[in-house]
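Open the structure in your viewer and keep the sequence panel beside it. The stops below say what to select next and what is there.

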Amino acid sequence: QVRPVESGGGKVQAGDSLRLSCADPGREFSRYAMGWFRQAPGKEREFVGAITWDGSYAEYANSVKGRFTISRDNAKNMVYLQMNSLTPEDTAVYYCAADPDTKYSSSFHITWHEYDYFGQGTQVTVSS
């Protein structure tokens with residue numbers, strides 16, 4: 001299967017916003033929940049948030065709740081991560097991935113170990 005492709009990362013100042021995109025070039029993941037994860041240097045990959053296959057429900061890590069929003073457009077085979085009020089603690093490589101056990105499901109996992117088909121990631125660097 002073709003892996004997702006993340007884009008939209010960059011270097012920003014604290015307080016700025018970024019929108020990350022996750023493209024599904026193989027058009028294979030619209031039926032599955034999609035998650036966003038991040039990994040900072042020297043740290044384990046962590047859950048940022050996830051969204052059901054139909055976009056009806058999303059859940060977020062406490063560290064980003066109220067600042068980040070996940071959405072998806074299955075007609076365009078895209079998933080997005082809108083990040084507002086960024087802080088230096090948000091600096092990491094951000095990945096999107098599919099939850100393979102969630103075809104047409106209203107639930108999803110919140111640990112990265114349950115996901116598959118990670119993209120190559122996009123770097124987000126927030127300076128103070």
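Select Ser 85, which counts as partly exposed because its relative accessibility is 42%; buried means under 20% relative accessible area, exposed over 50%, and partly exposed in between, with a 1.4 Å probe and protein chains only. Its phi is near 50 degrees, a positive value in a residue other than glycine. Ser 85 sits in the loop between S8 and strand S9 (92-99). Strands (E, at least two residues) and helices (H or I, at least four) are DSSP runs, numbered from the N terminus.

Before moving on, note that this is a predicted model, in which local features need pLDDT of at least 70, side-chain atom pairs count only at pLDDT 80 or more, and totals for chains, interfaces and linings use all residues. Residues are numbered from 1 along each chain as its sequence is written, and side-chain values use heavy atoms, with hydrogens and water left out.

Select Tyr 117. Tyr 117 is not a glycine, yet its phi is positive, at about 60 degrees. Look for this residue in the loop between S9 and strand S10 (122-127). Is Tyr 117 buried or partly exposed? Its relative accessibility is 21%, so Tyr 117 counts as partly exposed.

**The whole chain**

Now zoom out and colour by secondary structure. The chain has zero helices and ten strands, so a cartoon view gives the run β-β-β-β-β-β-β-β-β-β from the N terminus on. The C-alpha trace spans about 40 × 25 × 25 Å along its principal axes.

Of the 128 residues, 45% are buried. Take the contacts (heavy atoms within 4.5 Å) between residues at least 6 apart in sequence: 59% of them join residues at least 24 apart.

**The six-stranded sheet**

Strands of a sheet pair through backbone hydrogen bonds, either parallel or antiparallel. Here, two strands pair if DSSP finds at least two bridges between them. Select S2, S10, S9, S4, S5 and S6; in that order they form an open sheet of six strands with mixed pairing. Which strands stand at the edges? They are S2 (10-13) and S6 (58-60); each has a single partner strand, so one side of each is left without a neighbour in the sheet. From one strand to the next, the twist averages 25 degrees; axes are lines fitted to C-alpha atoms (for helices over the stretch in contact), and angles run from 0 to 180 degrees between N-to-C directions.

Strand S5 (residues 46-51) pairs with S6 in the antiparallel sense over three bridges. To find one of these, select Ala 50, whose bridge partner in S6 is Glu 59.

**S1, S3 and S8**

Next, select S1 (residues 5-7) and S3 (residues 18-23), which pair in the antiparallel sense over three bridges. Val 5 has Ala 23 of S3 as its bridge partner. S3 also pairs with S8 (residues 78-83), again antiparallel, over six bridges. For this pairing, pick Leu 18, whose bridge partner in S8 is Met 83.

**Salt bridges**

Finally, show side chains. How many salt bridges are there? The count comes to three, where a salt bridge is a side-chain nitrogen of Lys or Arg within 4 Å of a carboxyl oxygen of Asp or Glu.

- Arg 38 and Glu 46: 2.6 Å, N to O. Arg 38 is buried, with a relative accessible area of 6%, whereas Glu 46 is partly exposed at 34%.
- Asp 90 and Arg 38: 2.8 Å, N to O. Asp 90 lies in the loop between S8 and S9 and Arg 38 in strand S4 (residues 33-39), so the pair ties together parts that are 52 residues apart in sequence.
- Asp 90 and Arg 67: the closest N and O atoms are 2.8 Å apart. Arg 67 lies in the loop between S6 and strand S7 (68-73), so this pair ties together parts that are 23 residues apart in sequence. Asp 90 is buried at 1% relative accessibility, and Arg 67 is buried at 17%.

Select Arg 38, Glu 46, Arg 67 and Asp 90 together: salt bridges that share partners join them into one network.
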